[in-house]
Amino acid sequence: MLEKTHKNELVDMSFFKDALELIEKSKYILILTHINPDPDTLSSALGLSNFFEENKIKHKVYNHSKDLPKKLDFLHGFSKITNQEPKFYDLAICVDCASKQRFELELKENIPIINIDHHKSNPNFGDINMINAQKSSTAEVVYDFFRYNGLYISKNSASAMYVGIYDDSLAFTNVRCDEFTFEKINFLVKCGAEPSFIANRLTKRDSLAKYRLLPKVLESLELRNEGKLALIHLEKSWLKSSGAKPRDAEVALDMIMNIGIVKIAVFFRMLEDECRISIRSKNGIDISEVSSKFGGGGHANAGGFSIQVKDLEQAKEEVLKEVYEEKF
Ligand SMILES: [Mn+2]
């Protein structure tokens with residue numbers, strides 16, 4: 001008798017075929033990415049967008065925000081990402097959006113949605129749902145869509161998907177990064193993605209302003225519960241004085257998580273009209289509930305959301321109440 005020693009990762013995934021059929025029937029496709037876009041949402045969109053362009057399928061990639069991560073500007077199609085809703089479209093594909101609220105666009109009536117994601121909390125709001133919470137990134141799910149349907153992956157699409165996987169798997173260190181992730185990466189490199197070029201573009205083009213801002217954020221470190229819980233924050237005025245962008249401070253949270261004793265870290269960014277919160281955990285501590293409670297996108301070890309508060313103290317109070325309820 002044959003013994004199966006490796007799981008078949010594409011078991012009953014006929015939704016990939018259904019999705020392709022719907023795409024083929026459509027006249028104009030709107031690809032939706034989430035607010036405060038990260039590389040995964042934009043690269044997943046560009047992986048599809050480049051394929052559509054090569055196959056003369058009319059489409060647009062939409063992002064609500066005007067502030068896109070510039071480090072992705074080397075990806076083909078990046079400059080065409082728009083915050084203008086097209087007059088006509090008959091299909092929406094959202095990528096990496098844990099809920100409908102995440103793309104911040106009221107869709108025209110009766111538009112079918114293909115929902116591609118890897119967030120556990122995704123409520124399957126699409127007409128076709130390609131959700132796989134085991135995957136390191138939505139880009140991995142997009143890759144599976146290509147492969148399941150036997151679609152050609154160009155160098156442009158391969159580079160985009162590589163970026164999504166690389167970044168969302170935290171450079172292949174995330175717990176959901178597995179043997180299949182590396183198979184995918186191997187194939188994407190065969191298709192033309194260049195690891196060294198991509199890593200250089202993504203990580204070696206920081207602004208000087210970022211390094212004027214980071215010391216201030218790190219200086220704000222506050223430890224609680226014998227150092228198990230770490231808090232950092234960013235004040236609006238620091239952005240002004242350094243000339244940096246809010247996203248320039250993101251790495252501070254990863255740095256804090258590198259401290260041995262820290263198990264959970266929370267980053268409060270006080271911006272113009274809201275407080276943006278990112279939360280991380282390690283050693284198998286699941287903090288996804290905290291993000292879901294505030295309507296944000298959450299994984300077991302990472303999450304983000306925004307709240308309306310009058311000051312930092314109020315933000316800390318509201319968020320830490322949930323953290324303590326869940327974890328301490
Ligand atoms: Mn993602």
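Where is F172 found? Select it to begin: F172 sits in the loop between helix 4 and helix 5, where helices (H or I, at least four residues) and strands (E, at least two) are DSSP runs numbered from the N terminus. This is a predicted model, in which local features need pLDDT of at least 70 and side-chain atom pairs count only at pLDDT 80 or more, while totals for chains, interfaces and linings use all residues. Residues are numbered from 1 along each chain as its sequence is written.

The phi of F172 is near 65°, a positive value in a residue other than glycine. Most residues other than glycine have a negative phi. F172 is exposed, with 12 other C-beta atoms within 10 Å; a residue counts as buried if 20 or more other C-beta atoms lie within 10 Å of its own, exposed if 12 or fewer, and partly exposed in between, with C-beta atoms placed from the backbone.

Now select helix 4 (residues 155–168) together with helix 5 (residues 179–190). Helix 4 and helix 5 pack at an angle of about 150°, with their axes 9 Å apart; axes are lines fitted to C-alpha atoms, for helices over the stretch in contact, and angles run from 0 to 180 degrees between N-to-C directions. That angle makes helix 4 roughly antiparallel to helix 5, given that angles under 35 degrees count as roughly parallel, over 145 as roughly antiparallel, 65 to 115 as roughly perpendicular and the rest as oblique. Their crossing is left-handed, a term used if the near helix is turned anticlockwise from the far one by less than a right angle, with right-handed used if clockwise.

To display the contact, pick A158, M161, Y162 and I165 in helix 4, which meet T181, K184, I185 and L188 in helix 5; two residues are in contact if their C-beta atoms, placed from the backbone, lie within 7 Å. The residues of this contact divide into six nonpolar, one polar and one charged, where Ala, Val, Leu, Ile, Met, Phe, Trp, Tyr, Cys and Pro count as nonpolar, Asp, Glu, Lys and Arg as charged, and the others, Gly among them, as polar.

**Second stop: helix 2 against helix 4**

On the helix 2 side the contact is made by P39, D40, S43, S44, L46, G47, N50 and F51, and on the helix 4 side by N156, S157, A160, M161, V163, G164, D167 and D168. These residues divide into six nonpolar, seven polar and three charged.

Select strand 3 (residues 91–95), where five of five residues are buried. Both of its faces are covered, with L91, I93 and V95 on one side and A92 and C94 on the other. Strand 3 pairs with strand 1 (residues 29–32) in the parallel sense over four bridges, two strands being paired if DSSP finds at least two bridges between them; within strand 3, the bridge partner of L30 is A92. Four bridges also join strand 3 to strand 4 (residues 113–117), again running parallel, and in strand 4 the bridge partner of C94 is N115.

Moving to strand 1, both faces are covered here too, with I29 and I31 buried on one side and L30 and L32 buried on the other. Strand 1 pairs with strand 2 (residues 59–62) in the parallel sense over four bridges, and the partner of I31 in strand 2 is V61.

Next, select L107, in the loop between strand 3 and strand 4. L107 is partly exposed, with 16 other C-beta atoms within 10 Å, and its C-alpha atom is separated by 9.9 Å from that of L30, 77 residues apart along the chain.

An open sheet of six strands has the order 6-7-8-9-11-10, with mixed pairing. Its edge strands are strand 6 (222–224) and strand 10 (297–298), each pairing on one side only. Three bridges join strand 6 to strand 7 (residues 229–234), and these two strands run antiparallel; the bridge partner of E222 in strand 7 is L231.

Finish on N225, in the loop between strand 6 and strand 7. The phi of N225 is near 50°, a positive value in a residue other than glycine, and N225 counts as partly exposed, with 13 C-beta neighbours inside 10 Å.
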